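Hi,

Here is the structure I promised to pass on.

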Amino acid sequence: MNSVPRISEAEWQVMKVLWEGSPRTAGEIVQALEDSTEWNPRTIKTLVSRLVKKKAISYEKDEKDSRKYHYYPLVSEDECVRAESKSFLERVYGGALNVMIANFLEEQELSQKEIEELKSILEKKESQ
C-alpha cells in the first residue's frame with residue numbers, strides 16, 4: 001500500500017488488536033478491548049467501520065455465517081508507526097529531526113547503555 005491512512009488514537013487501539021493476531025471477528029475485537037477500554041461494543045464497531053473506509057483494514061465474510069466478518073489489517077504496524085512519526089515530526093518540529101532529538105534527550109534520563117546504543121546508531125548513520 002503506497003499511502004498509509006491517518007489513524008486516530010482510538011483507532012490505534014483497534015489496529016493493535018488486529019496486529020497482535022488476525023483475522024478477528026468484531027466480537028473478538030470487542031472482547032479484546034473490553035478490559036483496556038470503557039467503550040461499548042457499538043463504539044468499537046464504529047471504529048472498525050471507519051478503519052475499513054480508510055482502507056487500513058479489510059474483511060472476509062465467514063463461509064458458514066454470512067453475517068459474520070473476519071477483519072485483518074491492510075497496513076503493518078511498522079508502516080503506521082513510520083507515518084505517524086513523520087507526521088509528528090512535521091507538525092511539532094517543522095521537520096527538524098535534530099531539534100526533536102535534542103529536546104527528547106534533554107528531558108530524559110539515559111543509562112550508559114542507552115547512550116552507547118545511541119552513539120552506535122549515529123556512527124552507523126555517519127558511515128552510510
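**Inside the core**

Skipping its neighbours within four places in sequence, V14 is in contact (heavy atoms within 4.5 Å) with I29, L33, L47, V48 and L51. Bear in mind that this is a predicted model, where local features need pLDDT of at least 70, side-chain atom pairs count only at pLDDT 80 or more, and totals for chains, interfaces and linings use all residues. Residues are numbered from 1 along each chain as its sequence is written, and side-chain values use heavy atoms, with hydrogens and water left out.

V14 also turns up in the largest nonpolar core, which has 20 residues; I7, V14, M15, I29, L51, I57 and Y71 have the most contacts inside it. (Such a core is a set of buried Ala, Val, Leu, Ile, Met, Phe, Trp, Tyr and Cys residues joined through side-chain atoms within 4.5 Å; buried means under 20% relative accessible area, exposed over 50%, partly exposed in between, with a 1.4 Å probe and protein chains only.) Helices α1 (9-20), α2 (26-33) and α3 (41-53) each supply at least two residues of this core, and α1 gives the largest share, six residues. Helices here are DSSP runs of H or I, at least four residues, numbered from the N terminus.

**Rings**

There are five aromatic pairs (Phe, Tyr or Trp rings, the six-membered one for Trp, with centres within 6.5 Å). The F88 and Y93 rings have centres 5.9 Å apart and planes at 70 degrees, so they are edge-to-face (over 60; under 30 is stacked, the rest tilted). Y93 is buried at 17%, while F88, at 28%, is partly exposed. Y59, Y69 and Y71 form one aromatic cluster.

Cheers
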